[in-house]
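Take a moment with the model below, and then we will walk through it together.

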Amino acid sequence: MAEKKAILFNFWGVTVSTRHHAVFNKLEELHNLPGGFLSSVASLKGGAMSRAERGELTLSEMMPVLEDECVKEAQVRGVTLPSDWSVKGLLEELSEVMKDVQVAVLKTVVSLRRSGLLTAVLANHWVDDTSAGDRPARLLTLLGGHFDLVLQSCRAGHRVPEPEMFSSALQQLGVTSQQALWLDAEEEGVRAAEAAGMDAISVENLDDALDKLAKLTRVQAIGAESPPPSCSPEEVSHGYVTIRPGVRTHYVEMGSGPPVLLCHGFPESWYSWRYQIPAVAAAGFRVLALDMKGYGESTAPPDIEEYSQEQLCKDLITFMDKMCMPQVTLVGHDWGGALVWTMAQFYPERVRAAASLNTPLFRVDAAITSKDKVKSIPIFDYQVYFQKPGVAEAELEKDLERTFKILFMSSAEGAKGPTISTAGVCARGGLFVGLPEKIPRSSMLTEADLQYYVSQYKEQGFRRPLNWYRNMEANQKWMLSRPATKPLMPTLMLTTGKDQVLLPAFSKGMEDTFPNLSRGHIEECGHWTQMQRPEETNSILIKWLKEAHEKDAGVNVTPKL
């Protein structure tokens, strides 16, 4: 078998699990129609569906013609169509199953592309010119974001499995038929691909077919535990907003819909949301993943006071103003989560909804200073160690690869990785004291992931990110000067069972401040939630986002200009 350079997937029966015939059979049973009735109509040579799939008719033009064809077929067969029969119901059913794209296929495509293989999906589609919403557009966006080529029959003028459809795809990919492999659930399609000179895999069971694909391409099979599709720095849209002279915010953007700002923690980057950005965007939201102030490409002065919660909130509001965003949904992790809760409490009119991963609301207490409070919790001793400028910087910046290998360790790896204790840091003279020089890379990170984090800290180092920890007194003083609030926006607290610092118990009683708090929990997960358990994180987060945005958004007031 020749070395493969391109993998082509049929849309029906592979990329989505359902085939046309399954929908036809379902509706035939529902309406007591003879078996094969709808298949006969749909496959009429020169019929409405065939013409629409070739782009000769649009959906709105096809519907009345297809309706007439059903009536004529019923007359030929001596069948009476039921009173509730409508072609619209058939097309709605087809439209519904079209959105059920198989996650395993998308993950496989991501893996294939990362290994240098080209990918394409060939689809018998029609042009949807109805006012049925954006479902077709969202499907095409999802496919286009994963495959190198999305070839629709209505654009190509040919249908799968016609030879011209294959030759068009191969030409656009720039490969020969011998360099391509076709996956199809229909034997007719398999035979047609083989006749066109391609090797083909018959998809009776998707898992078996993907295993066979992995053996043929030598690209590791995608299992149930594999992470969801992520985005890479080179394949996303980057934006920059000048907050004021010397302060600039860098962000990555994807999707359309209600804005969702993702706020990372220490010592991270917008890239920590790489598994969430595509998923949340595909769920119908405009995602903006920020490099938080002082991180990555978000520039800012090194002064400690620049990183107080008060100043961070003001800068974030300026960002929103310059982006013309009256309200946003905020999602944070670690220090990003702390900022989310601060924004929700003190600027509630700008926050549509708020969620935090791992970081609970730590209430300020006038009876005890923040520093004394931190000192009273042994596992927070690393924060005391971080207070003196220059000390922690020297340790963390000594060997950036080692630093990130130590910090970004999955709780699931147990004894395989270094055991870092955040207690007793001051007494032993450093966070990494006693750890071996050679540290294995966590399974959460690819080598490319690791090198990206390293690249983000080479120039500016850790001074600015550490300054977030150095405003304890200023933060307490400012927060105590503000009136206590009980914001009513939807909120989410997602805890994890294996976080050794931000314990789930710390979130007890948050409902007293946020009455509309929802909760999520992932037991077998440590601190780096988005990276260690991205599938579960996405599921919890997207479910909450959809529920939060279904609720009444209030009355829009447009000022007179």
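## Spaces and a helix

The second largest pocket has a volume of about 1100 Å³. It is lined by 39 residues, and Leu361, Phe362, Arg363, Val364 and Met479 are the closest to its centre. Please keep in mind that this is a predicted model.

Which helix gives the most to the lining of this second largest pocket? That is H14, with six residues. Helix H14 spans 335–346, and helix H15 (370–375), helix H16 (381–385) and helix H22 (472–481) also each supply at least two residues of the lining. By class, the lining of this pocket holds 22 nonpolar, eleven polar and six charged residues.

Now let us turn to the cavities. How does one find empty space in a protein at all? Rolling a probe the size of a water molecule over the atoms shows where such space is left. In this structure there are two cavities of 30 Å³ or more. The largest cavity contains about 130 Å³ of space. Its lining is made of 13 residues, with Thr249, Met292, Lys293, Asp315 and Leu316 nearest its centre. Strand S7 (247–254) and helix H13 (309–322) each give at least two residues to this lining, and the largest share, four residues, belongs to H13.

Here are the two spaces in one table:

| Space | Volume | Lining residues by class |
|---|---|---|
| Second largest pocket | about 1100 Å³ | 22 nonpolar, eleven polar, six charged |
| Largest cavity | about 130 Å³ | eight nonpolar, one polar, four charged |

Lys293, which we met among the residues nearest the centre of the largest cavity, has another neighbour to look for. It lies over the face of Tyr307, at 5.4 Å from the ring centre.

Finally, have a look at helix H9, which runs over residues 163–173. Which of its residues are buried? They are Met165, Phe166, Ser168, Ala169, Leu170 and Leu173. An α-helix has 3.6 residues a turn, so residues three or four places apart point the same way.

What covers the buried residues of H9? The cover includes strands S1 (6–10), S2 (118–123), S3 (149–152) and S4 (180–184), together with helices H8 (153–156) and H10 (187–195). After H9 comes Gly174, which has a positive phi, near 75°.

Note on methods: Residues numbered from 1 in each chain as written. Predicted model: local features only at pLDDT ≥ 70, side-chain atom pairs only at ≥ 80, totals over all residues. Heavy atoms only, no water. 1 Å grid on protein atoms, 1.4 Å probe; cavity = no way out; pocket = protein on both sides within 12 Å on 5 of 7 lines; lining within 4 Å. Points joined across faces, edges and corners; volume = space filled by probe spheres on them. Nonpolar A, V, L, I, M, F, W, Y, C, P; charged D, E, K, R; others polar. Buried < 20%, exposed > 50% of the residue type's maximum accessible area, 1.4 Å probe, protein only. Contact = heavy atoms within 4.5 Å. Lys NZ or Arg CZ within 6 Å of the ring centre and 35° of its normal.
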